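Student: I'd like to learn how to read a structure like this one. Can we go through it together, a feature at a time?

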Amino acid sequence: MSVQFLLRGPSANVALLELTNPPVNGLSVSLRRDIVAALDRAHGERGVQACLLVGSGRTWPAGADIAEFAGGLGGPAFASPTLNEVIAALEQSTLPTIAAIHGTALGGGLETALGCHWRVATPRARFGLPEVHLGILPGAGGTQRLPRVVGVETATDMMTSGRMIGADEALRAGMVTALLDTAADTDADVLVAC
């Protein structure tokens, strides 16, 4: 399973969903399926009051699993649940969903984070929608969600230039609600401890 499900918190009331698909936690079809399954499990667990999503290892999901696009429209990149369906499940969750971001949140990874109710980040986290460098635009709702969160000017700049922003700028723009008090930025265990 590419999502480890743990109960944390003083009363085991937080479902920790640790997302794993090395090396950059690409949002493969198996990871997408496991996110939805873990979210469903959290809704069924007695006493769970929130879901905390964190990337394992060195980063939050840094985008799509590019290898899956080789299969074309009938390939795994477009298999159900699609990234849009995963993000809809996060947005529509009756449990608060929190993205704890470290490393990079790029492309579909940033779009996934934007689908969570809240976002927190380590001080060295970086955010961006670099799809423009491939000649495409974000395809999982980033063009709608990012302007709502950071404003049209910042969102348009990020989408049309591929520019990444750091955690401080993300905090000022409203993309993240808080920066975590940690100097470390390389391991999901640090985020869980915060």
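**Reading a charged residue and its surroundings**

Tutor: Let's start with Glu 111, which lies in helix α3, residues 108–115. Keep in mind that this is a predicted model.

Student: Which residues of α3 are buried?

Tutor: Gly 108, Gly 109, Leu 110, Glu 111, Thr 112, Ala 113, Leu 114 and Gly 115.

Student: Which side chain of opposite charge is nearest to Glu 111?

Tutor: Arg 145, at 5.9 Å. A salt bridge needs the charged atoms within 4 Å, and Glu 111 has none, although it is buried.

Student: What does the side chain of Glu 111 reach, then?

Tutor: The backbone nitrogen of Gly 142, at 2.8 Å. Beyond its sequence neighbours within four places, Glu 111 also has contacts that include Leu 83, Ile 87, Pro 138 and Ala 140.

Student: And Arg 145, is that one buried or exposed?

Tutor: Buried, because its relative accessibility is 14% and the cut-off is under 20%. Arg 145 sits in helix α4, residues 142–150. A polar atom of its side chain lies 3.0 Å from the backbone oxygen of Ala 140. Arg 145 is also in contact with Leu 114 and Gly 115, among others.

Student: Now the strands. How should I read a sheet?

Tutor: The general idea is that strands pair through backbone hydrogen bonds, either parallel or antiparallel.

Student: How many bridges pair β5 with β7?

Tutor: Three, in the parallel sense, with β7 covering residues 126–128. For example, Ala 105 has Phe 127 as its bridge partner in β7.

Student: Which way do the side chains of a strand point?

Tutor: In a regular strand they alternate between the two faces of the sheet. Take β4: Thr 97, Ala 99 and Ile 101 point one way, while Ile 98 and Ala 100 point the other way. Five of the five residues of β4 (97–101) are buried, so the strand is largely enclosed by the rest of the structure.

Student: Which strand is joined to β4 by four bridges?

Tutor: β3, residues 50–55, and the two run parallel. Within that pair, Leu 52 stands opposite Ile 98.

Note on methods. Residues are numbered from 1 along each chain as its sequence is written. This is a predicted model: local features need pLDDT of at least 70, side-chain atom pairs count only at pLDDT 80 or more; totals for chains, interfaces and linings use all residues. Side-chain values use heavy atoms; hydrogens and water are left out. Buried means under 20% relative accessible area, exposed over 50%, partly exposed in between (1.4 Å probe, protein chains only). Lys and Arg count as positive and Asp and Glu as negative; His and the chain ends are not counted. A polar contact is a pair of N or O atoms within 3.5 Å; within protein, one must be able to donate a hydrogen and the other to accept it, and residues adjacent in sequence count only if both atoms are side-chain atoms. Contact means heavy atoms within 4.5 Å. Two strands pair if DSSP finds at least two bridges between them.
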